[in-house]
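Notebook open, model loaded. I want the overall shape down before I go through the side chains.

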Amino acid sequence: CRRNEYMAAQKTAQDVMEGEDAIVNSMRRFANDAKCVEDLKAFKGDTESKIASYRSAIALKMKEDLSERALKQLQAIAAF
């Protein structure tokens, strides 16, 4: 009878430890989720600043291209 009680206690202890391990693993996944959220916030800020500078660079490039084409047309008109 004591042997059965001992085996039942061992099984219960094993179940409790496995449950604790599962809880710890879930908490680790949650910690990773929280880190992912922080990384995404940083990514958003970085991306917004890069997009702003990219738009500025595109506008500058378009202005340079337009000025170059206008200059070529004016040179063609002057040569005519």
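Predicted model: local features only at pLDDT ≥ 70, side-chain atom pairs only at ≥ 80, totals over all residues.

The C-alpha trace spans about 115 × 15 × 5 Å along its principal axes.

Numbering runs from 1 along each chain as its sequence is written, and side-chain values use heavy atoms, with hydrogens and water left out.

Secondary structure next: I find one helix and zero strands. I took these as DSSP runs numbered from the N terminus (helices H or I, at least four residues; strands E, at least two). Helix 1 covers residues 2-79, and F80 sits in the segment after helix 1. I checked F80 against Q10, 70 residues apart along the chain, and their C-alpha atoms are separated by 102 Å.

Then burial: 0% of the 80 residues count as buried. My cut-offs are under 20% relative accessible area for buried, over 50% for exposed and partly exposed in between, with a 1.4 Å probe and protein chains only. F80 is exposed at 90%.

Which residues make the nonpolar surface patch of about 330 Å²? I have Y54, I58 and M62. Patch residues need over 30% relative accessible area and no salt bridge; nonpolar side chains (Val, Leu, Ile, Met, Phe, Trp, Tyr) are joined within 5 Å, like charges within 9 Å. M62 is in helix 1 and is exposed, with a relative accessible area of 55%.

Last, salt bridges (a side-chain nitrogen of Lys or Arg within 4 Å of a carboxyl oxygen of Asp or Glu). The count comes to four, and I wrote up some of them, including these:

- D15 pairs with K11, closest N and O atoms 3.1 Å apart; both lie in helix 1, four residues apart. D15 is partly exposed at 37%, as is K11 at 47%.
- K61 meets D65 at 3.0 Å, N to O. They are about one helical turn apart because four residues separate them in helix 1. K61 is partly exposed at 46%, and D65 is partly exposed at 28%.
- E68 meets K72 at 3.5 Å, N to O, again four residues apart in helix 1. E68 is partly exposed at 44%.

How values were computed. Areas by Shrake-Rupley, 256 points an atom, 1.4 Å probe, with all protein chains shown as cover.
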